[in-house]
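Q: Could you take me through this model feature by feature, giving the general idea before the particular case?

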Amino acid sequence: MNKLIIFDLDGTLTESKQPLTATMALLLSQLLSKTPVAIISGGAFSQFLKQVIALLPVSANLANLYILPTSGAALYEYRNDGWEKIYEERLSEKDKDTIETAMLEAAKETGTINWSDQSWGERIEYRGGQVTMSALGQQAPIVLKKAWDPNHAKRHKLQEALATRLSGFSVGIGGATSIDVSKRGVDKAYGLRKLCERLGLKESDALYVGDELEKGGNDEAVYKTEAHTKAVKDPLETERYIKSLLNA
Ligand SMILES: [Mg+2]
């Protein structure tokens, strides 16, 4: 068993923004009884509470669980019966304003988002370590999200238009409709390195499981580290893979 197993969340452990299934919750808790597990995603910590932590069995060994919200811009650990923030690479209010302005300009320039169209929730969300722009709004139905940019073309246009305006930041593709902006150099590779340091592990002791490890995908940054990787196509494949780890 690897000394640390790190999972992407959306598309890997769950469908986009959906809660863990009972099967996945049970498999994760079985893994947690054997080895440290980390989960990294663009979402805020509050999203992890709803989507993951609330669904785990009460017996789950939370002391072995590490949560990396906002793509690694923050780290939380479970200590003394509560979740403790270990670090957060926070964006200032001024950074947030700069990023928001650039997002509005990039949406207009690329013609990818018409701000007067219907939106399901806010299009721009400030999550502390990250600002996220979601083309259809945070709560858009999954089927609409999946249909919006199946070949990544709109997101690549937005990413490019933002990167030229925000040279002091990291601009990455988030979920099916979203772009994430964080401090320069803060991405999933950064989060993975910080966690390995904290646990006294080598990067090569870690195994990363994600559904977007391909070029341009939102797990690609992990290739900058020495971590082992396992590409999966959806949560069902992740379930099978966890079972194989547990039976190894
Ligand atoms: Mg994913």
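Q: In which order do the four strands of the open sheet lie, and how is their pairing directed?
A: Two strands pair if DSSP finds at least two bridges between them, and strands (E, at least two residues) and helices (H or I, at least four) are DSSP runs numbered from the N terminus. Here the four strands form an open sheet in the order 6-7-9-8, with antiparallel pairing. This is a predicted model, in which local features need pLDDT of at least 70 and side-chain atom pairs count only at pLDDT 80 or more, whereas totals for chains, interfaces and linings use all residues. Residues are numbered from 1 along each chain as its sequence is written, and side-chain values use heavy atoms, with hydrogens and water left out.

Q: Which strands stand at the edges?
A: Strand 6 (124–126) and strand 8 (169–173) do; each has a single partner strand, so one side of each is left without a neighbour in the sheet. From one strand to the next, the twist averages 20 degrees, where angles run from 0 to 180 degrees between N-to-C directions and axes are lines fitted to C-alpha atoms, for helices over the stretch in contact.

Q: How many bridges join strand 8 to strand 9?
A: Five bridges join strand 8 to the antiparallel strand 9 (residues 178–183), and Gly-172 has Asp-180 in strand 9 as its bridge partner.

Q: Which strands does helix 3 touch?
A: Contact means heavy atoms within 4.5 Å. Helix 3 (residues 93–110) packs on the sheet and touches strand 6, strand 7 (130–134), strand 8 and strand 9, its direction making about 25 degrees with that of strand 7. Helix 5 (residues 153–165) lies across strand 7, strand 8 and strand 9, and runs at about 175 degrees to strand 8.

Q: Which residues have the most contacts inside the largest nonpolar core?
A: A nonpolar core is a set of buried Ala, Val, Leu, Ile, Met, Phe, Trp, Tyr and Cys residues joined through side-chain atoms within 4.5 Å; buried means under 20% relative accessible area, exposed over 50%, and partly exposed in between (1.4 Å probe, protein chains only). The largest such core has 31 residues, and Phe-7, Leu-28, Ile-39 and Leu-65 have the most contacts inside it. Among the elements that each supply at least two residues of this core are strand 1 (4–8), helix 1 (22–32) and helix 7 (235–247), and helix 1 gives the most, with six residues. A second, separate core of 23 residues includes Leu-91, Ile-113, Phe-169 and Val-171.
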